Amino acid sequence: MIRWLLLLIAGVLLGGIVHLTTILMLPRTATQDAYSRLEPIAPFNTVVPVPAPTPDKALMPFMDPAFATAVCRYDLHEGPLRVTVPVSLAYSSVSFFTRHDIAYYAINDRAAGRKTIQLDLMTAEQHSELPEDENVTAADRLIVESPTLTGLVTFRALAPEPGMMPMAKASVDAAKCVRWQGPPPSQ
Amino acid sequence: MRLLTGTLFVLIVAAAVGLGATYFALTRGTTFGGLTVGAWTAQAKTGTIDADPYARASIARIGRLPLALGDGLTFIAKNDDSHRPFDGRCEVVLSGITPAARFWTLTLYNMHGELVANAVHRYGFTSEEIVRHPNGHFTIVVAPRANPGNWLPTGGIEHYILAMRFYDTSVGVATKEGREIPMPTIKTGSCP
């Protein structure tokens with residue numbers, strides 16, 4: 001009897017380890033996560049519009065139907081990217097996600113405070129390799145450090161009323177994420 | 001033989017407990033560290049790099065992109081203020097005010113996070129579309145049949161989820177539960 005009880009306790013303890021391991025492993029093994037869902041429609045370092053969700057079809061669950069969305073699946077192996085998007089009339093935002101769909105940075109039109117939101121996306125390593133004088137002028141440059149070499153940038157614009165959706169869509173479709181050619185031009 | 005049965009027993013218990021707990025955590029959802037106001041719950045940390053392992057696993061399994069905290073904050077409700085799960089055949093009334101935000105949206109999803117088909121193609125409201133009372137309060141009726149005022153159709157489905165998203169808001173990780181974040185009350189009215 002005691003023996004079985006001890007075995008049961010051992011089993012439960014081992015079960016706890018199994019539980020924690022599976023929770024930690026899951027993001028690495030998931031094949032239907034947002035990044036994988038976007039892979040077929042989004043080539044690297046290109047902005048593609050995400051179709052608006054409908055009851056029959058949605059690329060991802062829990063999308064906000066009041067927003068126009070575009071996405072850039074990025075790859076920083078070749079170097080930093082420059083991300084730009086014109087702000088729309090109501091509310092615009094740019095969000096950055098790691099390869100495992102974790103948001104690490106976001107900015108909205110008011111925080112950016114300009115007609116165009118412009119950010120430079122790079123890894124911490126690429127950031128430290130920037131020439132000194134580049135960093136001095138960084139006061140009006142927004143640099144975003146990506147924790148992973150690949151990931152997602154989403155551009156979103158709110159349509160406060162359904163009639164304003166075409167305008168919101170036009171704003172996010174005008175977004176760009178392009179590789180720098182040489183040192184970035186100063187503003 | 002005793003060793004074999006013993007080992008087998010331990011392994012079976014471990015697999016059942018471990019995988020069971022994982023399944024339970026991911027389907028029922030875990031709410032530790034969440035911000036709860038009435039029937040509404042928000043997980044501010046899920047929209048940051050500090051998201052906990054459960055949130056990460058859940059995001060990967062469902063295949064959604066979380067709302068980044070610098071963008072906005074999502075409040076989810078699955079039941080009314082008296083803990084009764086939402087029933088799409090009933091009339092559910094949301095009323096009150098919201099936390100300060102530049103914009104908010106309210107969206108109705110089925111349990112899989114999909115929009116629900118209805119005759120008027122309305123899946124939610126934005127803060128701009130709402131008709132308000134003179135004192136700034138608003139009432140939204142979530143019901144299967146058309147209602148005057150702010151009517152959000154349920155399509156008559158059995159269970160649904162309401163998501164209220166606040167954009168450009170000061171509510172976040174540091175917000176404590178309390179009076180400074182008013183959320184609409186949720187009451188179930190008449191059921192057929």
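1. Helices here are DSSP runs of H or I with at least four residues, and strands are runs of E with at least two. On that basis chain B has two helices and 10 strands. The model is a predicted one.

2. In sequence order, the elements of chain B run α-β-β-α-β-β-β-β-β-β-β-β. The C-alpha trace of chain B extends over about 80 × 40 × 30 Å along its principal axes. Chain B has 192 residues, of which 37% count as buried. Among contacts in chain B with a separation of 6 or more, 71% come from residues 24 or more positions apart.

3. Strand β9 (residues 161-169) of chain B pairs with strand β3 (residues 72-77) of chain B, antiparallel, through six bridges. Within this chain, B:L73 has B:F166 of β9(B) as its bridge partner.

4. β9(B) also pairs with strand β5 (residues 101-109) of chain B, again in the antiparallel sense, over eight bridges. Here B:Y109 is bridged to B:I161 in β9(B).

5. Turning to chain A, the domain assignment gives domain 1 as 1-30 and domain 2 as 34-179. The centres of these two domains of chain A, taken over C-alpha atoms, are 40 Å apart.

6. Chain A contains an open sheet of five strands with antiparallel pairing, in the order β1-β2-β8-β4-β5. β1 (47-50) and β5 of chain A are the edge strands; each has a single partner strand, so one side of each lacks a neighbour in the sheet. From one strand to the next, the twist averages 20°.

7. At one end of that order, β4(A) and β5(A) are joined by five bridges in the antiparallel sense. In this pair, A:S93 lies opposite A:N108 of β5(A). Helix α6 (residues 165-173) of chain A packs on the sheet and touches β1, β2 (67-75), β4 and β8 of chain A. The direction of α6 makes about 15° with that of β2(A).

8. The contact between the chains involves 50 residues from chain A and 53 residues from chain B. On the side of chain A that touches chain B, at least two residues each come from α1 (2-29), α2 (34-38), β4 (92-98), β5 (103-108) and β8 (150-158) of chain A. The largest contribution to this side is that of α1(A), with 15 residues. By class, this side of chain A comprises 32 nonpolar, 12 polar and six charged residues.

Terms used:
Residues numbered from 1 in each chain as written. Chains lettered and ligands numbered in written order. Predicted model: local features only at pLDDT ≥ 70, side-chain atom pairs only at ≥ 80, totals over all residues. Buried ≥ 20, exposed ≤ 12 C-beta atoms within 10 Å, placed from the backbone. Contact = placed C-beta atoms within 7 Å. Domains from an automatic or database assignment. Pairing = 2+ DSSP bridges. Nonpolar A, V, L, I, M, F, W, Y, C, P; charged D, E, K, R; others polar. Axes fitted to C-alpha atoms, helices over the stretch in contact; angles between N-to-C directions.
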